Protein chains: 2
Amino acid sequence: MSDPAPLNTGVLLFLPYRAMEARVFAGLAERGFDDLTPAQARVFQRIADRGSRVTELAEQAGITKQTAGFLVDQLERAGYVERVPDPDDGRARLVRITERGARSVAASAGIVAEVEAEWTAHLGVRRMDQLRQILADLREITDPWR
Amino acid sequence: MSDPAPLNTGVLLFLPYRAMEARVFAGLAERGFDDLTPAQARVFQRIADRGSRVTELAEQAGITKQTAGFLVDQLERAGYVERVPDPDDGRARLVRITERGARSVAASAGIVAEVEAEWTAHLGVRRMDQLRQILADLREITDPWR
DNA sequence: TCCAGCTAGACAGAGAAGCTGTCTAATGTT
DNA sequence: AACATTAGACAGCTTCTCTGTCTAGCTGGA
């Protein structure tokens with residue numbers, strides 16, 4: 001996290017990540033999803049098809065239950081998710097993606113595909129594949145949640 | 001930023017970045033630099049040898065001048081940087097790294113090297129080289145500041 | 001069966017990090 | 001000399017995150 005000349009690998013990873021995130025948010029805003037924040041998206045992204053509990057989302061996103069609850073509140077107010085009682089546990093409630101939420105998921109998938117296509121055009125198919133392969137491999141020793 | 005099964009390239013980049021950052025901060029804290037926050041580090045990292053202006057730092061870090069000034073205040077209070085008048089411009093002041101700041105830079109460089117060595121051990125020298133090469137190449141279309 | 005302990009998640013309060021807007025002093029440009 | 005621009009400070013606000021505390025509901029052992 002220090003030297004300027006040969007940029008360290010951490011920074012090198014961060015730059016394209018940031019670029020991707022910025023593109024996705026700009027694209028979502030254009031398509032009418034202009035009320036999503038990055039923090040909300042990080043939680044939203046992890047909601048399972050059958051719905052997820054706030055506690056599960058917190059663990060997977062690496063934040064506290066309180067923070068996750070706060071972000072889910074906002075997502076709920078904006079109409080991206082809804083909370084329903086968990087039939088299996090009276091204490092718990094399931095967070096589920098709404099109609100509007102599903103549309104935003106589809107939109108963001110499209111934007112991601114678009115950016116990835118640009119990267120592939122710049123790098124070439126072979127090197128883009130290598131990149132994904134190597135990153136997937138690196139994940140084994142850098143992803144705390146599997 | 002959406003599908004769960006084949007993780008998108010953005011998330012794939014983020015995971016090792018986050019791991020690197022966490023390691024550097026943990027390592028710095030162990031070595032007595034426990035009062036640095038990620039946001040401060042992001043600014044600190046960009047200070048040139050001869051000193052930098054707050055406005056320059058803000059641009060390069062992608063934050064506003066106000067936020068940069070706020071973070072430099074904190075770094076100054078913690079003894080990592082000092083502000084001196086800019087001899088070339090009476091309005092400006094140069095932010096420079098102090099003795100303590102320089103020691104933290106050296107420490108973080110060591111930790112980064114250590115993590116990179118682990119990654120190389122996992123991936124192999126050839127693939128680690130490929131990774132850095134591809135990321136450097138990708139930087140051409142994803143780094144807004146050059 | 002019932003109580004002890006655990007879990008889900010809400011509420012309160014605080015701090016960090018970012019923003020916009022406004023202001024001043026100094027510099028540059030006609 | 002007048003005007004526009006720039007550096008950076010101050011004020012006030014929002015967002016995101018934390019710790020701590022609380023209640024309601026679940027669960028397992030005596």
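## Basis of the model

Residues are numbered from 1 along each chain as its sequence is written, while chains are lettered from A and ligands numbered from 1 in the order in which they are written. Because the model is predicted, local features need pLDDT of at least 70 and side-chain atom pairs count only at pLDDT 80 or more, whereas totals for chains, interfaces and linings use all residues.

## Around DNA strand D

Among the 23 residues around DNA strand D, those that come nearest are Thr37(A), Ala39(A), Gly90(A), Gly69(B) and Ala92(B); a residue counts as near if its C-beta atom, placed from the backbone, lies within 6 Å of the strand. Two or more residues each come from α2 (38-44) and α4 (65-77) of chain A, and from α3 (54-61) and α4 (65-77) of chain B, with helices taken as DSSP runs (H or I, at least four residues) numbered from the N terminus. The most is given by α4(A), with five residues.

## Between chains A and B

The contact takes 39 residues from chain B and 39 residues from chain A, where two residues are in contact if their C-beta atoms, placed from the backbone, lie within 7 Å. On the side of chain B that touches chain A, the elements giving two or more residues are α1 (9-30), α5 (99-123) and α6 (125-142) of chain B.

## Helices α5 and α6 of chain B

In the contact of these two helices, Trp119(B), Thr120(B) and Leu123(B) in α5(B) meet Val125(B), Arg127(B), Met128(B) and Leu131(B) in α6(B).
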